[in-house]
Amino acid sequence: MAKISEKTVLNMSRLPILMSRISRSILTLVAFSFVTVSASFAAETDTTKAAAPAATPALNGKGEQLFKENCKSCHKIHEESVGPALTGVKQRHDAAWLHAWVKNSTVVIASGDKAAVALFAKYNKAVMTSFPTFTNEEIDAIIDYVESVPKPPVDVPKGPTDGTGTQGGGEYDTVILGLIVVVLVLVLVAMFIFLSVIKRYLKDKEANLDAEDKELLNQKFDVKAFVRSKGFITIVVLLFVGVTVKTCWVGAQEVGVEQNYAPVQPIAFSHKLHAGDNQINCNYCHTGAYKGKQSNIPSLNICMNCHTYIKKGPNTGEAEIKKLTDAYAAGTPIKWVRVHNLPDLAYFNHSQHTQVAGIECQKCHGPIEEMEVVKQQSNLTMGWCINCHRETAVNSKDNAYYDRLLKVHAESKKKNDMTAEEMGGLDCSKCHY
Amino acid sequence: MTMKTFNIAAAIVFAATVSSCNHNFDQIPVHETPRVEYAPNMYVSEAYEPVTLVEDSVNFPEAYNVMPYNNGSNLRLPVAGTIKRGAIPYHISKDSLAYANATLVAPIQPTEQVLAEGQVLFERFCSHCHGKGGEGDGPVNDKLQGVANLKSGTLKAVNAGHIFHVITYGKGRMLQHSSQLEPLERWKISLYVKEVLQKK
């Protein structure tokens with residue numbers, strides 16, 4: 001009984017020491033979580049974009065249907081397009097003239113009608129498609145529909161509102177993280193104060209402490225002795241050797257690997273805009289991708305299929321497109337910088353992979369349709385090639401070339417598919433010769 | 001420290017640093033200029049490779065393929081007056097659209113396979129302007145304007161030859177697509193538009 005109480009008393013007297021130890025470990029903990037939170041701060045990402053609302057036009061019977069089917073590709077109601085804006089057309093021309101014009105504008109122009117000739121000249125002598133099958137009532141229905149559509153209100157630039165909308169969620173997270181950081185810093189400061197207060201208190205009562213606790217209170221870290229100790233030197237030397245070996249090993253592995261290579265191109269062409277937003281298929285420009293070894297960089301005439309008329313873009317305005325049209329006018333090719341440079345020592349054929357195997361472009365090139373500047377997504381190492389040849393079953397659907405191979409394979413291996421490896425796809429001479 | 005603990009410590013530290021040698025190339029930073037290459041003379045082809053420009057005449061004198069007077073590029077037009085192997089000449093001129101419509105007959109039948117291939121080609125080469133359904137509502141139409149609705153009465157009335165001629169030479173705001181599509185591919189698209197799209 002007496003012994004127990006003695007121990008309790010002793011423990012009570014050591015309380016400040018214990019607290020000092022505890023507060024030290026809490027300090028470490030707080031500092032650690034502070035670092036973690038700061039790191040997560042840096043890793044914070046953007047939230048998703050807001051969806052654009054779709055407009056629903058009012059129904060207006062047959063006139064609207066005919067307009068959409070036949071006219072809207074060249075005419076807008078309130079703006080000039082390929083042809084003039086159609087609103088107010090009733091005031092500009094009488095009904096008989098309009099009927100004749102829509103049915104066959106070439107005849108009206110040939111008749112020497114002043115208004116027709118002037119209109120033809122104004123719109124670059126582009127002949128309007130003739131609609132000889134239209135009845136006068138149908139043409140009137142279209143015009144009535146056109147006149148019934150009210151002028152839309154002028155668009156307010158929606159960029160800034162969009163911006164704040166998308167940042168909303170992110171800002172909220174930032175505020176919370178900021179608060180956590182502030183609280184952690186306060187705790188850190190409080191702990192330091194607490195520690196120094198306890199130390200000062202113990203210094204006053206130093207005479208009452210036993211030897212062990214005194215040592216703990218007055219302990220000082222001897223840096224010199226620590227640095228000179230055999231263990232420390234050994235660990236530092238080993239770390240140095242280890243890091244050096246690793247750096248050399250990694251560096252040697254990375255020789256010739258150009259993953260994430262994103263050269264600056266002579267024209268700031270955006271794949272995100274063309275292949276992503278406008279959904280132009282890769283094959284439209286890279287015409288060889290399904291036919292030959294190379295997938296082709298498009299020649300300027302393919303760019304000009306659209307850019308003869310589209311002179312202004314959403315990213316860079318007119319500047320970059322002008323480089324293109326100037327080069328086309330001068331007849332000089334653009335010197336695009338090749339991104340994927342497979343060394344000549346390895347054979348690769350696009351058509352075998354795209355047309356025969358049916359692999360999507362993105363499998364090797366990554367999400368090209370999301371890239372403003374194209375970068376090399378895959379590392380194009382031999383291990384990368386071989387890994388896919390080991391794992392992927394050959395696409396033998398509707399391809400008689402593989403019939404016998406599959407049959408022989410099914411007999412010997414007892415399974416219905418085969419990988420490229422199993423039909424000799426890893427032979428050195430398949431790619432290196 | 002005894003020799004034994006020393007050895008153990010050495011092994012642990014060394015293993016810890018070197019163990020992550022299974023390297024992940026994703027960590028290579030995004031870079032604008034090429035990195036180190038080993039034996040680059042094995043990288044470039046001495047024989048001419050398309051879309052491969054070798055501008056370094058000092059290190060690769062045999063592979064150097066910059067053409068003078070051509071903006072330092074090696075892209076060239078075909079020699080004037082030549083046609084490529086297997087090319088079928090097309091004799092009808094651009095302004096004879098009505099003649100093409102009246103006289104041209106597709107050299108292939110609209111079999112199931114031809115129409116399936118036509119659909120693939122249509123979706124790769126046409127749908128961004130003309131729309132997947134051919135109604136002139138593809139995403140590019142918002143910018144280009146003047147894209148024809150392939151299901152309009154006027155175009156339902158024409159023959160496949162009209163469509164072939166327009167793909168070959170262009171019409172209105174559409175420019176020629178003969179450099180991107182072989183004649184047979186143009187016929188497949190024309191037949192797909194006539195036989196499948198316009199009948200939907």
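**Where the chains meet, and how helices cross**

Q: What is the count of residue pairs in polar contact between chain B and chain A?
A: The count is 23 residue pairs, both at pLDDT 80 or more. A polar contact is a pair of N or O atoms within 3.5 Å; within protein, one must be able to donate a hydrogen and the other to accept it, and residues adjacent in sequence count only if both atoms are side-chain atoms. A quick word on ground rules: this is a predicted model, where local features need pLDDT of at least 70, side-chain atom pairs count only at pLDDT 80 or more, and totals for chains, interfaces and linings use all residues. Residues are numbered from 1 along each chain as its sequence is written, chains are lettered from A and ligands numbered from 1 in the order in which they are written, and side-chain values use heavy atoms, leaving out hydrogens and water.

Q: What makes A:Lys335 and B:Glu55 a salt bridge?
A: A salt bridge needs a side-chain nitrogen of Lys or Arg within 4 Å of a carboxyl oxygen of Asp or Glu. These two side chains meet at 2.8 Å, N to O, so the pair qualifies. Between chain B and chain A the count is 5 salt bridges, and over all chains the structure holds 16.

Q: What does the salt bridge of A:Asp144 and A:Lys90 tie together?
A: Their side chains meet at 3.1 Å, N to O. A:Asp144 lies in helix 8 of chain A and A:Lys90 in helix 4 (residues 89-92) of chain A, so the pair links parts 54 residues apart in sequence.

Q: Why is helix 5 of chain A called roughly perpendicular to helix 8 of chain A?
A: The axes of helix 5 (residues 95-103) and helix 8 (residues 136-148) of chain A cross at roughly 105° and come within 10 Å. Axes are lines fitted to C-alpha atoms, for helices over the stretch in contact, with angles from 0 to 180 degrees between N-to-C directions. Angles of 65 to 115 degrees count as roughly perpendicular, so helix 5 of chain A gets that label against helix 8 of chain A.

Q: How do you know how helix 3 of chain A lies against helix 8 of chain A?
A: The axes of helix 3 (residues 61-71) of chain A and helix 8 of chain A cross at roughly 95°, coming within 8 Å. That makes helix 3 of chain A roughly perpendicular to helix 8 of chain A.

Note on methods: Helices (H or I, at least four residues) and strands (E, at least two) are DSSP runs, numbered from the N terminus. Angles under 35 degrees count as roughly parallel, over 145 as roughly antiparallel, 65 to 115 as roughly perpendicular and the rest as oblique.
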